[in-house]
Amino acid sequence: MNSPAEIASNYIEIARAKTSQRWYKTLILAVLAGVFIALGGALATVAGSAVSGTAGLLVKGAVFPLGLILVVVCGAELFTGNCLLLSPTIERKISVGAMFKNWGIVYGGNLIGGVLVAVLVVYSHVLGDAGAAATVATAAAKCNLNFGDAFVRGILCNMLVCLAVWASMASKSVQGKVLAVYLPVFAFVVLGFEHSVANMYYLTSGLIAGAEYGLSATGLNLGNALLFDLLPSTLGNIIGGCLIALAYFAVYRTKLPTVKSSDENIETKIED
């Protein structure tokens, strides 16, 4: 495995690659990430629709990691994971403008991917009555959160997501990366934390499924979806991811010996 110091060193090169590639490539990869996360969300909804209570949460948690596994293994640009870009930005390895440009393109691309999958899933009618009811109920529950709860749950969620991404970079094998991603994502689903990119799918599919299947739920509307879930969960995700980035910056910004990663075949230094 790569040591924590090697991960920190390698991520500088990853950040440079993320922020220097052509905008349309970033957008395509961001759309793919939105699709991957949405597919995990759709799977979790259908798989958990027949089970209630804690058992249902465990089922959802067991299958939802599909999304981030595909992002990490296949390669894609996920807004929540890219909150780690704050660390190389503070180290002046990439510019502030480059970080915000990446966040903007990636967030937009993730939204496109999530909405696209929501439309396809609902109008393909693969949900069935039980899946549609669960989809509407999930979206309604998110719309009825208060702003503060959604914000704090967003912080906690992206702490786990960024730790999953960071841990995946420790492994030099596919199976190691999958395991590193799996448990943190399983945890945030079971605990009921708020992931903004997943919510792009959940909220859109809930709104569309309500109309398509003739289902209604208190508070389920576009205004509540944006104001009481997507906005606070996005802000919380940024804070949570940046907290992890700041922690590793504080530890690894001191001078360390030159490290070499056989996984990336690069040699670099972490400087003050």
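**A loop serine and an aromatic cluster**

Guide: S171 is buried, with a relative accessible area of 11% (buried is under 20%, exposed over 50%, partly exposed in between, using a 1.4 Å probe and protein chains only). The model is predicted, with local features needing pLDDT of at least 70 and side-chain atom pairs 80 or more, while totals for chains, interfaces and linings use all residues. Residues are numbered from 1 along each chain, and side-chain values use heavy atoms, without hydrogens or water.

S171 sits in the loop between α8 (147-168) and α9; helices here are DSSP runs of H or I, at least four residues, numbered from the N terminus. A polar atom of the S171 side chain lies 3.0 Å from the backbone oxygen of S173, a polar contact (N or O atoms within 3.5 Å, one able to donate a hydrogen and the other to accept it).

Now to the aromatics. Ten aromatic pairs are counted, with ring centres within 6.5 Å, and planes under 30 degrees apart called stacked, over 60 edge-to-face, the rest tilted. W166 is buried at 8% relative accessibility, whereas Y248 is partly exposed at 23%. Y248 also stacks with Y252, at 6.3 Å and 10°. Because these two tyrosines are four residues apart in α11, about one helical turn separates Y248 from Y252. Y252 is buried at 16%. Together with Y11, the residues W166, Y248 and Y252 form one aromatic cluster.

Key. Phe/Tyr/Trp six-rings, centres within 6.5 Å; stacked < 30°, edge-to-face > 60°.
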